[in-house]
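Visitor: Please take a close look at one position in this model, with its setting and contacts. Then carry on to other parts, giving the cut-offs as they come up.

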Amino acid sequence: MATLVGRSAELTRLRALLDDATSGAVAALIGGDAGVGKSRLVTEVTSIAAGQGFTVLCGQCAEIGDSVPYLPFADAIRTASPEVEAAVKARPVLARLLPDGGTGGDPETDRAGLTRQQMFGTVLGLLAELSARGPVLLVLEDLHWADASTRDLLTFLVRMLHGERVAIIGTYRTDDLYRRHPLRPVVADLLRLPSVTSVQLGPLSASALTELLFAIADAPGRLSAATVNQIVASAEGNAYYAEELLAALSDPADDTRNGPGLPSGLAALLMSRVERVSDAAQQVLRAASVAGRRSGDDLVRAASGLPDATYDEAVREAVANQLLVPDGADGYAFRHALLREAVYSDLLPGERTRLHGQLAALLSKVPGAAAELAHHSLASHDVPGAFVASIRAGDEARRLGAPTEAHRHYDRALSLWDRVDDAAAIASVSRGRLGLQSAAAAFAAGDVPRAVHLLRRIWQALADPEAGVTAGDDDPEMLRSHIGERLAYFLLESEGSEAPAEALRVAGDTVGESPAEPATWYLARAMATYAMAFMVNGDDASAREWAQRARDAAGGEARWVAAEALTTLGQLSSREGDTDGASRMFAAALEQAEGLRMFQVELRATYLLAEQHQARGELAEAARIAQQGEHRADREGLGLAPYGMDLRHLHFQARFLLGEWDDAQRLADGFPVRVTSLPEAVLSAMALFIDVARGNPAVEERRTWLEPFWGDGFVGYVARSVLAEQALWSGDTTLALAHAEAAIHSDAWRSAVPSVLRPAAVALAARADRAAAARLAGHVDAEAAEVASAKELLAIAHEGARYPVRPKAVLGPEGQGWLARAEAEYGRASGHNTPEAWEAVLSAFGPHYVYETARGRWRLAEALIEAGRADEAVPIWRAAAATATQLRAEPLSAALDALARRARLDPGARLDPGAGPAAVSGAPAGATGAYLTEALTDRERDVLRLLARGQSNRQIGTELFISPKTASVHVSNILAKLAVTNRTEAAAIAHREGL
């Protein structure tokens, strides 16, 4: 191997990356032109990492394009240590990437979308497990050839790995990244993350190339300066080109050694080296170039057509001439991808077609090679073979959880359908069934519009018997029912305003055209989707009727359909105010789904059951069920799948509301901060609850990354509701109102549902603060405007609590608590801050809502003080302060301390025992010497602080619960003790001494 030269700076950065990986996940993307030395640099880094005790996993993408899903990950685990292989085999989803294929489900029943999430979650879990034993280095080379699933999985891992000791290094050719190359946005996206380093390899300097030339082991003994200069000038900083130019000078047939003319262009140079070996070796190289940069020995042996002895000698010659290198136990690879490309490009058209055909014939019976078979079949113009192989490749991709690739393969087969005689018989699948599989894969990949478009076309074609959509053993009624049901379901997941109505029509037609007898699973499923369509369109009575009919029709043949129907019935019961019935339905649905491995149904039932308990105020039970569901999702690699992710944040919410904040913080710390996808944004928005309540510094970084997602109704609602509270804690009522009102109107319907109560109450608190300030300043008009705005907000809160679209729905304890708080805040805004209003808040929330109880006690203590009942306020204050301290709710603790200081309460010292005089007096940390303010009493210091803010005697009196006259007396005493003549001079001293 050539010596690494000219890359000391880049190697230093990558050494630092390995050092950083021992304390948390990091990544580097190495870009550079072909031949510039990316692989050589990575080889050096992997050697260093192995020496430092890293588990090293290396995988490489293939030139055949993006048709083989997860290829570099499969490559990495296939060549890993026995310990890694054992960890992989313990995960059935991941074991599918191994040569024996592991175990897996039927592509018809195994949901590709969930399988994809399982694959992502399982790879994440594997890396986490390995990193618990020691640091891990994952290398993915040639990402410019990566398939879509690999690109998505790489992005997922880089964003989701945080504390794990994992370093990821990816390499790619910059000269191959044309403007619309699919890797370009991935690189741009990843480089936004602080944990990702970009390492760009430019051309080597002339001195570095010279050093490289003299360091190569098999270089000529003496190189003239003229020859070195000629090589350096021709190579233009490309290390591989320089090595090949030097190798060209080593031709034994050349007696002058240092004097031959150098070939023009890299391709010509590479082919000049190929042409030096025997005809048999060249035949091996041609077969290997068609097979790919890395090829199995048996495959190339057969494709070359050479006798065994001749083949073995030819391979030995190619290796000796550094054209091929051994790759694993049973294969070979070209020394560089550029060499393979040169040999492949030199093939004659007929020769290329013949070799592709030979490889297709050899691969036709190799398990798991359908994508490669389809590639070679197309290249050899074998349309029927490519057609069949594409369908097999789609099935394999679905099984691996790669729906993007599955959809591409199925779509290719559909495009070839009319060019194949008797296609249905050859494929053993009808055109309609194949279209359904393609649409399902598109939906699983997130391309809902494409899925809907495909099924609409098939749905319409099914009405024409001459369209040839069904064939063979296809049951036309079953296929139409299946396609109609899926079309309706996909439409319900669409964003178009007309989609719900179309879904209802399609589902209705599907049910109407399906025979009622005998009852079948596909009819039951169509009924269940019809019920969902009615529910989405607001017809709850019809939804209940059809959900019940679906449950009855499902029977024992399709318990999972019965479970889906039960969840719909539970949701309808909740809408009608029957919370007990809803809980029973969800529990029954969960019981039906367990053990069926229909994870989406099971997780949905678990989520809805936990959510129902939380809505009823049964927080401990909600936390227990959500935690069980979260663990179930994690075991199956579905932690970030739909409902798996929902269970994660529901578990967090329950712990947060219960006051189990250390557990909640642990969960929130696992929610990504640097989010670039909607599911991640939902989790990060949820984490704001505890980050804001504790005053954690992560708030600002979360806000920055969440801002692009504020347009999403749910993320915008959650994030801006909580950020409004942060602004309120800091005294910025303008920002608080901007966030709260944005949350209120984040969706057109949100102002008429109970979720509006929280941001409305926060906005009312901001209006109350502004009204109180206007009242203190004597600004009557401003006060009236704030009270009027507060009245409008209160009306919004009442309308949300009324829930006009679901008048029978029961408002749970949390909703009742926020409604009571909205009313109490309105009282504060209008100048009637009564203790009774805040007692109502405490009563509505109940003691299980620990943080909200503490916040209510803070306001209750304030109201009692304003009412002249300070003695009653003290125990209330103490209870709130104790909770705030226990929770480490710093903003609430600060507000309670400010209240105690203003009201001169004596709740008991809460200073740190080690605090010095500066902490007691408020003097700046590290200050020394006497302070003029030391002569003031505690009350006078309080007055001076407010005076320094520019407040009048009346405002000071209101703030400190004393009369304006008493405030005036304190001000006079302060001026005398400080020996100043006016308030401005006193304020200057206060600022100077840190008050």
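Guide: Gly570 lies in helix 28, residues 559-575; helices (H or I, at least four residues) and strands (E, at least two) are DSSP runs, numbered from the N terminus. The model is predicted, so local features need pLDDT of at least 70 and side-chain atom pairs count only at pLDDT 80 or more, while totals for chains, interfaces and linings use all residues. Residues are numbered from 1 along each chain as its sequence is written, and side-chain values use heavy atoms, with hydrogens and water left out.

With a relative accessible area of 0%, Gly570 is buried (under 20% relative accessible area; exposed is over 50%, partly exposed in between, with a 1.4 Å probe and protein chains only). Not counting residues up to four places away in sequence, Gly570 touches Ala582, Met585 and Phe586, where contact means heavy atoms within 4.5 Å. From Gly570 to Gly846 there are 276 residues in sequence and 26 Å in space, C-alpha to C-alpha.

Asp691, in helix 34 (residues 678-694), also counts as buried, at 2% relative accessibility. Leaving aside neighbours within four places in sequence, Asp691 is in contact with Gln665, Asn696, Ala698, Val699 and Arg702.

Next, a helix pair. The axes of helix 38 (residues 757-777) and helix 40 (residues 813-829) come within 8 Å and cross at roughly 15°; axes are lines fitted to C-alpha atoms, for helices over the stretch in contact, and angles run from 0 to 180 degrees between N-to-C directions. Helix 38 and helix 40 are therefore roughly parallel to each other (under 35 degrees; over 145 is roughly antiparallel, 65 to 115 roughly perpendicular, the rest oblique). Residues meeting across the pair include Leu757, Ala761 and Leu764 in helix 38, and Trp818, Leu819 and Tyr826 in helix 40. The contact residues divide into twelve nonpolar, one polar and eight charged; Ala, Val, Leu, Ile, Met, Phe, Trp, Tyr, Cys and Pro count as nonpolar, Asp, Glu, Lys and Arg as charged, and the others, Gly among them, as polar.

Five strands form an open sheet in the order 2-3-4-1-5, with parallel pairing; two strands pair if DSSP finds at least two bridges between them. Strand 2 (55-60) and strand 5 (196-201) are the edge strands, each pairing on one side only. Strand 1 (residues 26-32) is joined to strand 4 (residues 166-173) by seven bridges, and Leu29 stands opposite Gly170 in strand 4. Helix 1 (residues 8-21) packs on the sheet, touching strand 1, strand 3 (136-141), strand 4 and strand 5, and its direction makes about 160° with that of strand 5.
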